[in-house]
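I opened my notebook beside the structure today. I wanted to know what it is built from and how its parts meet.

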Amino acid sequence: MAQLREGLAKSRKALQQQFASVLFDRFDEDLWERIEEALIYADVGVDSTVSIVEALEEQANAGAIKDSAELLAKLREVTANHFCKADTRIDIAHRPAVILMVGVNGTGKTTTIGKIAWHLKELGKEPILIAGDTFRAAAIEQLVEWGRRVGCEVVRHERGGDPGAVVYDGLAAAEARGADVAIIDTAGRLHTQVNLMKELEKVRRVIEKRIPGAPHESLLCIDATTGQNGLIQARMFKEAVELTGVVITKMDGTAKGGIALAVSHELDLPIKLIGTGERLESLQPFDAVGFAAMLFDESLGRR
Amino acid sequence: MVFDSLSDKLQVAFDGLRRQGKLTDKDVERAAREIRLALLEADVNFKVVKEFVEKVKTRALGSEVLESLTPAQQFIKIVNEELTSLMGSASTKLTFSPRPPTVIMMVGLQGSGKTTACGKLANFLLAQGKSPALVAGDVYRPAAIEQLKTLGGQLGVPVYDEGDQADPVDIAKHGVSWAQDKGRDVLIIDTAGRLHIDEKLMEELVRIRQTVKPHNILLVLDAMTGQDAVNVALQFQERVRFDGVILTKMDGDARGGAALSVRAVTGKPVKFASAGEKLDSFEYFHPDRVASRILGMGDVLSLIEKAERTIDEKKAREMEQRLRKATFTFDDFLDQIQQVRKMGSISSLLGMIPGIPSAKLKGLQVDDKAFDKIQAMISSMTPEERRHPDIINGSRRRRIAAGSGTDIHALNQLLTQFKQVQKMMRQLGSGRVPKNPFQMFGNPS
Ligand SMILES: Nc1nc2c(ncn2[C@@H]2O[C@H](COP(=O)(O)OP(=O)(O)O)[C@@H](O)[C@H]2O)c(=O)[nH]1
Ligand SMILES: Nc1nc2c(ncn2[C@@H]2O[C@H](COP(=O)(O)OP(=O)(O)O)[C@@H](O)[C@H]2O)c(=O)[nH]1
Ligand SMILES: [Mg+2]
Ligand SMILES: [Mg+2]
């Protein structure tokens, strides 16, 4: 693939001339191209790819990189540094701590809620689930089933009901029972659906009113296979409900989930959790260095 | 009409190049770069992008710029043609078995929209007079069976299930005989979402395929999918050999480049597009629409098409001759208006004129009713009056106004406008361009 930025080729040439005598055969043009391709292929997107490659070039120009192996190590470092630096832990230092789960359709919100609840149980915490997706067929039954597996209460209304109402009742129940964490499921919605985004804002207001300071976490669920649209999604959801972080699901597939990097970098949002399967335990904390390492496989350094 | 960023960028890329002549090396290189970026932003797989851009470049180099288009538009035209030919030209029709039931199986990743698509396709087939039925083959996802049953209930379409403890292969097999007994002519099998690298679950699909031999296997693909779509499609292709794709969540603003990737690497057509959570938002796929969506400039493309379809080159040249000689008559005027109307809105026509910045066209609205009136008034004139408007005196005016169902006031306005246009045309003939070429289409009432 030809370089993404016109200036790139130029500075690369300068770089090569600079190192020509020492590194000519090791510091090859091919490698730079493979780096760009790897980033694009990971769904990092053009803007963040350019930003990473530029940062890398700066290091190379400053003499911090001597050969291909070092270039790759630096690439991982630079990439990891592109993630938002905010705390990636879930804030549960409230009683009840309220977690609101949002996202477009089918990304894994309901499943992730089941997993979070299970992990909380393992920590000795008592979660309560609130079935705020009153729209999709059998969405309530799905959450109820997760509640059964985890062994925690699920507050539900009928399908077609007002999500604000069930959220209100759910929070009341959480307080009454002295639950540690209330996790609210919501219907999947595309960020382009104005009315549904308004509805989400309303749900948020209901939460704020019922429990001042809540929600303590508003997590956006993004499917790891998502392409560049993920960035727009995150921007719109952030605007609607003041996101505190992002969950990347389905990382057990072959998608690299690079959109997480674009979202984190460009919108200044921490990635908080990684979904790695459909089982209760398939949830991991996010680690920028590990994630960056995973974006580039070992073959990148070889010719 | 709104020019999108890509076409604006292409305009810039071609800046300095006059309207006519060949596309040169440098022009094409710059434009190709923009196309490459646009395709990447649209999530087309980078390998597919690479090949595609090469092809476009080869075709664009040295190609003659059509008279009615700017170089940017010419380039977009080539890109669009390549894109559409890549996306399209394969049947979107389903295969129906002479021996019912016709079996259709949905496959795909988790959350792509399979279960919803089962309901939508059933609804679609109902509308075609078929009697579909559904099979609940997802025994893994909590409440997946419940979900399908709810959709079936909404449509009044029967759903076969054996609970979540049975083997999906058995369920599918039994479902077929059940449908036969019930006299249903199409059977749609829902399956669990699975990763293409999940060996066990992929094997399950292979077994279902071997057991019930579906007539159609459809891969359900989320329009928001990124670069990985290629891996997914290739794996599903290799293991289950799907026949076509259902592209879902098209109601959002994802460009849907994944559809192009899948088409390019598997050769399998997109057959249906799903654009909403309601059961009726489902239709046959239109390759041209996605082609323009991927590029993010549907308006430009439809314009180019319209320009090609509507403007009769010879006629246009004749017209120009007359304009320059200032023998511009009401017949010409009417002719022009009709041309414009054939093409859609007046702003589209103006948008085709190279050199008019797109920003100027935004919000430009021309009332169709105004055209109707003009047309009626001109039709009420005699041939003699149309050729020599100067002879239209008071009594002629009253006759024309009455005959066209308008009034003297409107007619007077039209006559004034006509004179202005005539004058403008004369200026055009003499090389002086009027300040506002749009005024001829002002509202006469
Ligand atoms: N492989 C895999 N599948 C997942 C993961 N998270 C969710 N899913 C599946 O994705 C589909 C949609 O999940 P769901 O929770 O219903 O999404 P929601 O519509 O956002 O609530 C289901 O089939 C889930 O089992 C994950 O981390 N890995
Ligand atoms: N906006 C939108 N949502 C859709 C569309 N198709 C499916 N969905 C939603 O996507 C989510 C997952 O759909 P589902 O049919 O359960 O996916 P499955 O896991 O593949 O069976 C649900 O919330 C559906 O309502 C579509 O075309 N547009
Ligand atoms: Mg859900
Ligand atoms: Mg399903």
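Entry 1: I began with chain B. Of its contacts with a separation of 6 or more, 76% are between residues 24 or more positions apart. I noted that the model is predicted. I then counted the elements of chain B: 20 helices and eight strands. Chain B has 445 residues, and 45% of them count as buried.

**Entry 2: the sheet of chain B.** In what order do the eight strands of the open sheet in chain B run? I read off β3-β2-β4-β1-β5-β6-β7-β8, with mixed pairing. The edge strands are β3 (159-160) and β8 (282-284) of chain B, and each pairs on one side only. I reminded myself that strands of a sheet pair through backbone hydrogen bonds, either parallel or antiparallel. Then I picked one pair in chain B. Strand β5 (residues 216-222) and strand β6 (residues 244-248) of chain B are parallel, with five bridges. I found B:Asp222 opposite B:Thr248, which is in β6(B).

**Entry 3: the cores.** In soluble globular proteins, nonpolar side chains tend to be buried together. I looked for that here. The largest nonpolar core holds 182 residues. Which residues have the most contacts inside it? They are A:Ile183, A:Val246, B:Leu134 and B:Ile188. I followed A:Ile183, leaving aside its neighbours within four places in sequence. It is in contact with A:Ile99, A:Met101, A:Ile113, A:Ile116, A:Ala117, A:Pro127, A:Leu129 and A:Ile130. There is also a second, separate core of 13 residues. Its members include B:Phe328, B:Ile400, B:Ala410 and B:Phe418.

**Entry 4: one helix of chain A.** I checked the length of helix α9 (residues 229-241) of chain A. It has 13 residues, so at 1.5 Å a residue it should span 18 Å. Its end C-alpha atoms are 18 Å apart, which agrees. Next I listed the buried residues of α9(A): A:Asn229, A:Gly230, A:Leu231, A:Gln233, A:Ala234, A:Phe237, A:Ala240 and A:Val241. What covers them? The cover includes β1 (97-102), α8 (194-210), β5 (217-223), β6 (245-249) and α10 (259-267) of chain A. After α9(A) comes A:Glu242, with a positive phi near 50 degrees.

**Entry 5: where the chains touch.** I found 31 residues of chain B in contact with 31 residues of chain A. On the chain B side, α2 (25-41), α3 (46-60) and α6 (144-155) each give two or more residues. The largest share, four residues, comes from α6(B). By type, this side of chain B divides into twelve nonpolar, eleven polar and eight charged residues.

**Entry 6: ligand 1.** Why is the site of ligand 1 shared between chains? Residues from chains A and B surround the ligand, so both chains have a part in the site. There are 23 residues around ligand 1, and A:Gly108, A:Thr111, A:Gly275, B:Gln110 and B:Gly111 come nearest. Helix α5 (residues 109-122) of chain A gives the most to this shell, with three residues. I sorted the shell of ligand 1 into two nonpolar, 16 polar and five charged residues.

**Entry 7: ligand 2.** Ligand 2 lies between chains A and B. Of the 22 residues around ligand 2, the nearest are A:Asn105, A:Gly106, B:Gly113, B:Thr115 and B:Thr116. Here helix α5 (residues 114-127) of chain B gives the most, with three residues. The shell of ligand 2 splits into three nonpolar, 14 polar and five charged residues.

Key. Residues numbered from 1 in each chain as written. Chains lettered and ligands numbered in written order. Predicted model: local features only at pLDDT ≥ 70, side-chain atom pairs only at ≥ 80, totals over all residues. Expected span 1.5 Å × (residues − 1). Buried ≥ 20, exposed ≤ 12 C-beta atoms within 10 Å, placed from the backbone. Contact = placed C-beta atoms within 7 Å. Core = buried A, V, L, I, M, F, W, Y, C linked by C-beta atoms within 7 Å. Near = placed C-beta within 6 Å. Nonpolar A, V, L, I, M, F, W, Y, C, P; charged D, E, K, R; others polar. Pairing = 2+ DSSP bridges.
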